Amino acid sequence: MKIDSGSTAWVLISTALVLLMTPGVAFFYGGMSRAKSVLNMMMMSFVSMATVGVVWVLYAYSLAFTEGGGLNQFVGGLSDWGLVGLETVATADDGSGIPQLVFVAFQATFAIITVALISGAIADRAKFGAWVLFTVVWATLVYAPIAHWVWFFGPEDGEGGWIGAGLGALDFAGGTVVHINAGAAALALAFVLGKRKGWPRDPMRPHNLPFVLLGAALLWFGWFGFNAGSALGANATAAVAFINTMVATCAAAFAWIVVEKLRDGSSTTLGIASGVVAGLVAITPACAFVTPIGAIVIGLIAGAVCAYAVSLKYKLGYDDSLDVVGVHMVGGIVGALLIGILATTAVNDAGADGLLAGGGLSLLGKQAVGVLATLVYSFVVTFVIGKVIDLTMGFRISEEDEVAGIDSTAHAETAYDFGGIHAGGAGGGTGPLPAAKAADSTPTKVEA
Amino acid sequence: MKLITAVIKPFKLDEVKAALETFGVKGMTVSEASGYGRQKGHTEVYRGAEYKVDLVPKLRVEVLVDDDDADDVIDVIVKAAQTGKIGDGKVWAVPVETVIRVRTGETGAEAL
């Protein structure tokens, strides 16, 4: 095994960066939910790491990134289950590759965050056990196949998944695989679970905007690994992806708060945090295929479009609680389609020329097919998975538990102790359990 | 005796307190309150969704005074709490039957 140590170091670091994005999502979403359900919201992200990380190593990596025989266009095989025998394999044996296990770990973090993103649509109301089951089934039946469609390339030209290798649609770091996929799945689950009690009469304002900003900041930091790490090497492609990730995000954050100022009268922190994420999402598929000026254009468009898209749920009446559809699905579509306009081989030989670089409309067409296929497959299969879980074990908590708050009813915890009677020890009834009390020597009145 | 209750804008507390001290009132109870009058509350916007906050934060100041002082004390509070803008609050007085100082057991005017 001959490997490139610089590239290996960069992808190892990128892997850690991308894993940090999932706790980032937890803060981003946690801050937007209500105080009585913030723990559950954050738990849904954290448990994705616990389940999807394991499933990925056991078999899902193999389903996504190995040769699938007769079904190779649509799904991989099980030849690399358990990563048996991958210990000494490199992605390229000519000294330009990285250890295969580093690639496996890097991709694991993508699968994890994609699942975590979906949870934003079902804040406050999903049974925790049902969600845990969903993460495993969804990673298997939806994420792995779509990753295979877009990112598995066989040894021969045109061999591999039907969207990437077959059709030639571009998705550098996961606009379709991660964001459109998660967004469409989120929409499906929002339909399966229904609206939160009280929505939309009560818009259910975020309980901690500093958390939202903290989460957005962690996401942005981790996203450099997401995008620039997807070059799988410490090279010029990583550099292009890095600068584009930075500048598109800046532009999108700016565009979102300008829209807010014009439309609502105030630029808000939730707005700038949302703009940051919208920009990150939109540049993800395009980051290694466009110039930095192109990245600014993508950011400006994505920031403005997503700022309007988040109000769709009020018009159409589905409770996508934390705007996964408006930010990730719409942002992903914007980025994936703008590749067809703005891509240029001037920055990356491995890309293609879009409309403005003289490539005509063919790339835009391929992008559109990739987007549409992902939307339809993800929505339909997720809806079926959600319905089956709902009809068997139930996907939604009881109305009583929802009103009381899912943190205390599902997790036996509450996030905050705000002081007052129950915190100060003055009769709150929050002392140790009877077993612990038996040990103390407080005198008690003895019955005669 | 009278119990005078004033609901005022929070930033006016210092002025009301100083004015009452100057007048000679020896004690008061202040608590946080929220409510609304004719002006209602304010609007917050989250991702374009409007959230109406009806209840505006206020402070409730309570003072026990002798019947003879009641009108003057009300006057002092109103002058100190006034900004002339909407939401300045209300002041009212109700008769009090008994007042007892817990430490000594004194009652009536002695207890003030």
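1. How many bridges join strand β1 (residues 2–8) of chain B and β6(B), and in which sense do they pair? This is a predicted model, and in it the two strands run antiparallel, with 7 bridges between them. For a spot to look at, find T5(B): W92(B) in β6(B) stands opposite.

2. Now the sheet itself. In chain B, 4 strands make an open sheet in the order β2-β5-β1-β6, and the pairing is antiparallel. Its edges are β2 (29–35) and β6 (89–95) of chain B, each of which pairs on one side only. Going from one strand to the next, the twist averages 20°.

3. Two helices pack on this sheet. Helix α1 (residues 13–23) of chain B touches β1, β2 and β5 (56–65) of chain B, and its direction makes about 10° with that of β5(B). Helix α2 (residues 70–81) of chain B touches β1, β5 and β6 of chain B, and here the angle of about 10° is with the direction of β1(B).

4. Then have a look at the hairpin. Strand β3 (residues 42–46) of chain B pairs with β4(B) in the antiparallel sense, over 5 bridges. Between these two strands sit 2 residues, and R47(B) in the turn has a positive phi of about 50°. Along the pair, T43(B) has K52(B) of β4(B) opposite.

5. Last, which face of strand β4 (residues 49–53) of chain B is covered, and which is uncovered? The covered face holds A49(B), Y51(B) and V53(B), while E50(B) and K52(B) make up the uncovered one.

How values were computed
Residues numbered from 1 in each chain as written. Chains lettered and ligands numbered in written order. Predicted model: local features only at pLDDT ≥ 70, side-chain atom pairs only at ≥ 80, totals over all residues. Heavy atoms only, no water. Buried < 20%, exposed > 50% of the residue type's maximum accessible area, 1.4 Å probe, protein only. Pairing = 2+ DSSP bridges. Axes fitted to C-alpha atoms, helices over the stretch in contact; angles between N-to-C directions. Contact = heavy atoms within 4.5 Å.
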